[in-house]
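Trainee: I would like to go through this model term by term. Please set each label against its definition.

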Amino acid sequence: MLKQKKMFRQKKMLRNKRGEDMLIDFWAIAVFAVIILLFFLLFSVNKTVNENKAKTQFINGDTNFMLESFLRAPAIGFTPPKTVGEVITEDATTGDFKDTEDLFKRYFKQINQLDNQNIIEITLKIEGDNTKEIPIEKNKKTGTVYELYAETYIPGYNKKVYIRLSMWSLFKPS
Amino acid sequence: MKYTQKYIKNLNKKGQVQYFLESAFRIGFLMVALLAFFLLVNFYIVNRIDTNRLQAEVTANRIIYSDAIMWQDNSRVYPGIIDINKFNDDTLGRRIDYATKSHAAAQLKIIDNKDGTEKYPPAYLNKAQYENFQAIIGKEGKGSATMYTKDYPITYRNGDESNYGTLIMNIIIPNS
């Protein structure tokens, strides 16, 4: 009886070391796999953001060029000769934006695409002594539309005139 | 000699095989870990940058902001106002003269805003290259090319007469 008890104690004390090793290996692999996955996800997210950022900067450069060239363009059909910027300044003072609207629609008549994406709408917003927003509809809206814009101030008769040219397209800025 | 034979005889060969099998699994895991480590390092090191779009943008900006086709009053350049007298292959080629001719090619068209027609023949930057690239646009691989189209509203000026138009720029960049 005493001998049996001793044997039982010995058996209880023996530990399955090989099983423990396997368990440790299993957890090591599992944690390692999770870490790899985490790093990979972080990398993927960062990569997408950087690509979008670069693309947006290029396109905003285009809208800046368009606004700059529009304001410096000669106002065709006006005597004495003046620039579009000067016409906008006069209209912002009087509050009658008929000439500005006519020039804006003539100048942006044929442009339809921005970075191979259809332009849905172009708007010109003017804020001075008087405020006006002029839209030109281009294509039908087929989803979420994003704004790419350029803005500037030009000197007015009483106070400076704020001008914002917006291109509404399907391109998603970051 | 006698000692060596005795030593070999006493070695527990069964045990050796058992440890080898246990270690094989760990060696395999170590190899996977090393492979993953090098893959991660390679992911974070950016050693391949796609500059095609950048090349196209640089070419477009060089054309619209330089004196290549834009109207000049003495030495001052007016970006956005195109001088029709300069709107030809020869002037473009002379004023935008890169040593390497294979990097980019462009076709420039002016559309009149009143009726949407082309009043003047298109001007080319690297015309021969542009025509060669036509066949490989949109194909896969390094031997292919990508075309970027850009529209800009502009004023075009012929002598004293000015009109509103749209400059359409088709820029082709080789994918290599």
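Trainee: How many residues of chain A are in contact with chain B?

Mentor: 24 residues of chain A are in contact with 25 residues of chain B. Contact means that the C-beta atoms, placed from the backbone, lie within 7 Å. The model is predicted: local features need pLDDT of at least 70, side-chain atom pairs count only at pLDDT 80 or more, and totals for chains, interfaces and linings use all residues. Residues are numbered from 1 along each chain as its sequence is written, while chains are lettered from A and ligands numbered from 1 in the order in which they are written.

Trainee: Which element gives the largest share of the side of chain A that touches chain B?

Mentor: Helix 2 of chain A, with twelve residues. Helices are DSSP runs of H or I, at least four residues; strands are runs of E, at least two; both are numbered from the N terminus. Chain A has four helices and five strands. Their order from the N terminus is α-α-α-α-β-β-β-β-β.

Trainee: Which residues of helix 3 of chain A are called buried?

Mentor: Val84(A), Ile88(A), Thr89(A), Asp91(A) and Ala92(A). A buried residue has 20 or more other C-beta atoms within 10 Å of its own, with C-beta atoms placed from the backbone.

Trainee: What about chain A as a whole?

Mentor: Of its 174 residues, 21% count as buried.

Methods
Contact = placed C-beta atoms within 7 Å. Buried ≥ 20, exposed ≤ 12 C-beta atoms within 10 Å, placed from the backbone.
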